[in-house]
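Student: I would like to learn how to read a model like this one. Can we go through it feature by feature?

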Amino acid sequence: MTTGGSWYLLRSGACEPAYNMAFDQALLENAAAIGRPVLRFYGWTEPAATFGYFQKYADIARWTHLRPLIRRPTGGGLVPHDADWTYSLVFPPTAPWYLLKATESYQRVHEWIKTAFEKMGISTEQAPCCKKSLPGQCFVGHEKFDVLWHDRKIAGAAQRRNREGLLIQGSVQPLPVKLSRADWEEAMRKEGVRILGADCEIFTPPSPFVARVAELREKIYSQPCHNERR
């Protein structure tokens, strides 16, 4: 599948937890205006956990000691961010990827990750079926098409689609082998050239976008009324 045009790459580095979620929401809100797919890599300035938009905070608080707990703009389960590699993908409504069914989109993004690991000499597989141990916890058990290493889930994702675009938020959990995050990101970039059909350009957020991220961080993702609502 190709997009028929170039796409954007963004390396945010380590950011504050609420800022990370605000940034991803701003990308979704502006997906149509940006007009191209965006692949964003980012890290965390402190250990944290995120959880799906519709999950109950009280449940999440019992399942992890990690704080802060931030409600994501996407669905899915509890995801720890104490040592993971985190990314997001955003597609405008004009992108062919936007038209995929949710299961097809989920399968395709994890095929991308699987192939990137292969380029690094790491053999993984996609889960052929769902295997649930505890409900609501993303990395306990696995969903169909998750990326597995020795039958253990190492990559999962959550999605949200609306009129503005499609947002995919994904996490790669650490493997017990020595790997470079920079090498993985480069492998993902190279695979993106093949999968998205064109080379990437560096995305520089304009001033109004940066202001919107700050607003979302302050008014939504830093607020207990959002994160801890029932």
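Student: Which residues does K119 touch, not counting residues up to four places away in sequence?

Tutor: First, a caution: this is a predicted model. K119 touches A187 and E191. K119 is found in helix α4.

Student: Is K119 buried or exposed?

Tutor: Exposed means over 50% relative accessible area. K119 has 58% relative accessibility, so it counts as exposed.

Student: Which residues of α4 and α5 meet?

Tutor: From α4, the list is W112, I113, T115, A116, F117 and K119. From α5, it includes W184, A187, M188 and E191. G192, R194, I195 and L196 of α5 also take part.

Student: At what angle do α4 and α5 pack?

Tutor: Helix α4 covers residues 102-119, and helix α5 covers residues 181-196. They pack at an angle of about 125 degrees, with axes 9 Å apart. That angle makes α4 oblique to α5. The crossing of α4 past α5 is right-handed.

Student: How far apart are K119 and P224 in space?

Tutor: Their C-alpha atoms are 42 Å apart. In sequence, K119 and P224 are separated by 105 residues.

Student: Now the sheets. How do strands pair in general?

Tutor: Strands of a sheet pair through backbone hydrogen bonds, either parallel or antiparallel. Take the open sheet of three strands here: its order is β4-β3-β5, with mixed pairing.

Student: Why is one side of β4 and of β5 left without a neighbour in the sheet?

Tutor: β4 and β5 stand at the edges, each with a single partner strand, so one side of each has no neighbour in the sheet. On average, neighbouring strands of this sheet are turned by 25 degrees against each other, direction ignored.

Student: Which way does β3 run against β4, parallel or antiparallel?

Tutor: β3 and β4 (residues 69-71) run parallel, joined by three bridges. A49 stands opposite L69 in β4. T50 has I70 as its bridge partner in β4. The chain gets from β3 to β4 through helix α3 (residues 57-63), and this β-α-β crossover is right-handed.

Student: And which way do β3 and β5 run, parallel or antiparallel?

Tutor: β3 and β5 (residues 79-81) run antiparallel, again with three bridges. Here T50 has V79 as its bridge partner.

Student: Which residues of β3 lie on each face?

Tutor: β3 spans residues 48-51. A48 and T50 lie on one side, A49 and F51 on the other, and all are buried.

Student: What does N227 touch, not counting residues up to four places away in sequence?

Tutor: N227 touches F51, Y57, L69, I70, R71, Y221 and S222. N227 lies in helix α7 (residues 224-227). At 6% relative accessibility, N227 counts as buried.

Student: How many residues of β12 are buried?

Tutor: Seven of the seven residues of β12 (residues 166-172) are buried, so the strand is largely enclosed by the rest of the structure. One side carries L166, I168, G170 and V172. The other carries L167, Q169 and S171.

Student: In which sense do β6 and β12 pair?

Tutor: Antiparallel: β6 (residues 85-91) pairs with β12 over seven bridges. T86 stands opposite S171 in β12.

Student: How many residues does the hairpin from β11 to β12 pass through?

Tutor: The hairpin joins β11 to β12 through four residues. β11 (residues 152-161) pairs with β12 in the antiparallel sense, over seven bridges. R161 has L166 as its bridge partner in β12.

Notes. Residues numbered from 1 in each chain as written. Predicted model: local features only at pLDDT ≥ 70, side-chain atom pairs only at ≥ 80, totals over all residues. Heavy atoms only, no water. Buried < 20%, exposed > 50% of the residue type's maximum accessible area, 1.4 Å probe, protein only. Helix = DSSP H or I, 4+ residues; strand = E, 2+ residues; numbered from the N terminus. Pairing = 2+ DSSP bridges. Right-handed = clockwise from strand over helix to strand, strands pointing away. Axes fitted to C-alpha atoms, helices over the stretch in contact; angles between N-to-C directions. Parallel < 35°, antiparallel > 145°, perpendicular 65-115°, else oblique. Left-handed = near helix turned anticlockwise from the far one by under 90°. Contact = heavy atoms within 4.5 Å.
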